[in-house]
Amino acid sequence: MPIRVGINGYGTIGKRVADAVAKQSDMTVVGVTKTRPSFEARAAVDKGYPLYLAGSATRAEFESAGLPVAGPLDDLLGRVDVVVDCAPEKLGKENAKRYRDLGVRAVFQGGEKSDVAEASFNALANYDACRGKRTLRVVSCNTTGIVRAAALLRPHWGVEAWEATLVRRAADPAETKRGPINGILPSFQVPSHHGPDARTIYPDLPISTTALIVPTTLMHVHVNHVRLARPPAGAAEVVAAFRAAPRFHVFAGWERVEGTPQAMEYARGRGLGFPDLMENVLWEDGIHLDGADLRFFQAIHQESIVVPENVDAVRAIAAPTISGASSIETTDRALGLRRA
Ligand code: NAD
């Protein structure tokens, strides 16, 4: 029996999670929810995902737009093994009460506080500790990027100290009401919330983060300075480790990827469905080792980096006999992220 999955909230993250779940041979999309008719609702219907009603949505509104409705949210919740909550941030906490009342297991997103679920989740970092939980929270896009890098650096060379400056995108490409469209906005909350959020997964991670927002929609970029406990002989070893690990993509110098525009152009031509880059993106030429001091840039595609983690979180909840390594491999193969 495939794991029956519902997606509550079919926006930037939800529509990607639905497609990723649909590609898994051990999962099926039972339905998705929308609060009002839109191009996204039409796309869901075109893809064959049954459409359920969330929030104050009315059946009449959808039917007058020619969009068939399968039922209200509670009907969807009655038909699934796991619901992936992809509603706007803070609404997940409200929805959590409903899931609890109906006894439905749930995956939440990073826009919620960590207490929304039994544990914060990242597949590379703590999958096996999360097997069999009833609720998990996939940490935010930036935190996912940090925690994946930590999952690689810690066992290889140890992390004594880590300073990260997060250059954050102002808005997602389809968002018209966010900014700035000009100017650079430093965040005066120091550390930014990302370091403490990473410690919901690695409580002893010695990281401090600062953040600023810049007018772009094409990815976040992290500027990392890590003091390694047991440094390797040279940066080439670090490059090789990032290349060998799942969910990292290292561009070589000869690829002439100057920054996020070419990285996203690569994603657009890659043919994985949405023009997405679900891996941490690194540049070989941007990885520098000076004694124990490792400096590297990584770019994070905010709209998609959490997608494979959501698939794994569903499996960790609903199929707890499967190991993290096996789930990661299955997910990535189905998504086309495995190159070998
Ligand atoms: P979004 O606004 O693009 O999509 C949210 C969807 O939920 C919309 O389709 C909206 O109509 C729908 N919705 C509204 N009210 C609802 C309700 N009561 N019940 C169910 N659905 C409802 O938002 P998003 O960017 O996809 O963010 C979803 C979550 O993912 C948030 O917690 C966010 O912090 C997190 N997240 C977002 C990004 C990103 O860059 N966009 C990255 C990582 C994590």
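View 1. A polar backbone atom of Gln302 sits 3.4 Å from an oxygen atom of the ligand. A polar contact here is a pair of N or O atoms within 3.5 Å. The model is predicted: local features need pLDDT of at least 70, side-chain atom pairs count only at pLDDT 80 or more, and totals for chains, interfaces and linings use all residues. Residues are numbered from 1 along each chain as its sequence is written, and side-chain values use heavy atoms, without hydrogens and water. Thr12 places a polar side-chain atom 2.9 Å from a ligand oxygen. For Thr35, a side-chain N or O atom lies 3.3 Å from an oxygen atom of the ligand. The ligand alone exposes 820 Å², and the protein buries 81% of that (Shrake-Rupley method, 1.4 Å probe).

View 2. β1 spans residues 3-8 (strands are DSSP E runs of at least two residues, helices H or I runs of at least four). Five of its six residues are buried (under 20% relative accessible area, 1.4 Å probe, protein chains only). β1 pairs in parallel with β2, residues 27-34, over five bridges (pairing needs at least two DSSP bridges). Ile7 has Val32 as its bridge partner in β2. From β1 the chain passes through helix α1, residues 12-22, to β2 in a right-handed β-α-β crossover (clockwise from the first strand over the helix to the second, strands pointing away from the viewer). β1 also pairs in parallel with β5, residues 82-85, over four bridges. There, Ile7 stands opposite Val84.

Technical notes:
Polar contact = N/O pair within 3.5 Å; in protein donor to acceptor, adjacent residues only side chain to side chain. Buried < 20%, exposed > 50% of the residue type's maximum accessible area, 1.4 Å probe, protein only.
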